[in-house]
2 protein chains.
Amino acid sequence: MRVIELKETVTASNDRDAEALRQELILRGILLVNLMSGPGSGKTTLLSRTIRDLPDLRIAVLEADLDATVDAETIEALGARSIQAHTDGMCHMDAGMTRAGLEALGTEQTDVVFLENVGNLICPAEYDTGAQRRVMILSVPEGDDKPLKYPLMFTKADIVLINKIDAMEVFDFDVRKVEDNIHLRKADVPVFPVSAVTGEGFDPFCEYLKGRIGRHFERG
Amino acid sequence: MRVIELKETVTASNDRDAEALRQELILRGILLVNLMSGPGSGKTTLLSRTIRDLPDLRIAVLEADLDATVDAETIEALGARSIQAHTDGMCHMDAGMTRAGLEALGTEQTDVVFLENVGNLICPAEYDTGAQRRVMILSVPEGDDKPLKYPLMFTKADIVLINKIDAMEVFDFDVRKVEDNIHLRKADVPVFPVSAVTGEGFDPFCEYLKGRIGRHFERG
């Protein structure tokens, strides 16, 4: 398991660094997805299923955590390229950290890189990483009121996945209400209810990803 | 519903401000508890049960969120004093913000004040709020690996509650493993498995609280 120790970037403008990284990746036909959620919402399980369900897609994963290597080990066990980045206590990834992480990961022969951001509903929303898409996960056990409490995260998301719908019966969670709360923050953001464990509702997310891949993509 | 808009404190030393606040509250016989967890781990549900289960305890709650007033409304509906603090986008409470929040809340005729911190497993652990005790909640759906990924939070906690044990059957969660992972971070921290929804395992937590109250406390 490879581990890279990152430091917060000292830069004049994170936004400018992020835009430069984004344009470079677009030119190279690589889709960078910034995957964000609170702790334990199922980011790694979602990536595991994505890797299994889309075997023809060349997926690599940049895992960001304060400590541990469990997530990168999970991804590597599936045969996908992965590296574990440690954020030196930082609650988010910035564009410079993302660039350093991508260089350590390697991006040759790659269609999609997922940046699994630090589990946190606040700070990661404040920093552009250079990703083309921000995918946000809210899980059923967290509750349908979260878009009210974490406004910026839901305003920045390009799509929202409602994960762990297989546990819906155990929790007091209203899908209609959470969609209304999300759309208060961003009127037109697509919301996909899914279960990364059972695979329920996963096809629309896979189609969404495939629609954003640079190269011609045929389902295997 | 009362709402106070807070700003980050400009101060020479947050640690010194926190210690001053702590000593003032100890002299006045008020227990301040800093309740921390990720988003949706059940902080408000836990407080609701605590208020119901300990009717003789004079409990007040300082709710901290980036936005919304849902939590303070929940507490107020139970008849407890509460105020909603908004953190101006900040991912944590500091000692000055806590002092301002307590002044707006009012602390006369109070045994315990719970500061329900912003839902976040990173930043709140970095700031001493002046509380005498840090109570941390990890919920079953978040997974038993979280102490590996969020080291400081589990190092700072005085007790850890494992909440949502009523949902244990739905999730792949090992209580023995999470206890081992927590004790890697802090060898002697007590771990209480509880369900704030069903009340299972709640008595030891109530006893813990009563043991730390300044005035003579008899169960009603």
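Predicted model: local features only at pLDDT ≥ 70, side-chain atom pairs only at ≥ 80, totals over all residues.

1. The accessible surface of chain A is about 8600 Å², and carbon and sulfur atoms hold 47% of it (Shrake-Rupley method, 1.4 Å probe).

2. Conventions. Residues are numbered from 1 along each chain as its sequence is written, and chains are lettered from A in the order in which they are written. Local features need pLDDT of at least 70, side-chain atom pairs count only at pLDDT 80 or more, totals for chains, interfaces and linings use all residues, and side-chain values use heavy atoms, without hydrogens and water.

3. Confidence. The average pLDDT of chain A is 95, with 97% of the residues at 70 or above (pLDDT is the predictor's confidence in each residue, from 0 to 100). In residues 216–220 of chain A the pLDDT falls below 50, and this stretch has 10 contacts in the model beyond near neighbours in sequence (contact: heavy atoms within 4.5 Å). For the complex, the predictor gives an ipTM of 0.94 and a pTM of 0.95.

4. Fold. Chain A has eight helices and eight strands (DSSP runs, H or I of at least four residues and E of at least two, numbered from the N terminus). Its radius of gyration is 16 Å against 17 Å from the globule rule for 220 residues, so chain A is as compact as a globular protein of that length (C-alpha atoms; the rule is 2.2 Å times the number of residues to the power 0.38). Among contacts in chain A with a separation of 6 or more, 75% join residues 24 or more positions apart.

5. Helix α2. This helix of chain A, residues 43–53, is mostly covered, with eight of its 11 residues buried. Among them are A:Leu46, A:Leu47 and A:Ile51, and also A:Lys43 and A:Arg49.

6. Symmetry. Chain A superposes on chain B by a rotation of 180° with 0.0 Å of shift along the axis, at an RMSD of 0.0 Å (least squares on C-alpha atoms of residues with pLDDT of at least 70 in both copies). This is the relation of a two-fold axis. A:Asn120 is the residue of chain A closest to that axis, its C-alpha at 3.0 Å.

7. Interface. The contacts involve 30 residues of chain A and 31 residues of chain B. About 2400 Å² is buried between the two chains, 64% of it from carbon and sulfur atoms (accessible area, 1.4 Å probe, lost on putting the two parts together, summed over both). In chain A, A:Pro39, A:Ile122 and A:Lys149 lose the most area to chain B, together 24% of what that side buries. Of the interface residues of chain A, 100% are also interface residues in chain B, so the copies meet through the same surface.

Methods:
Buried < 20%, exposed > 50% of the residue type's maximum accessible area, 1.4 Å probe, protein only.
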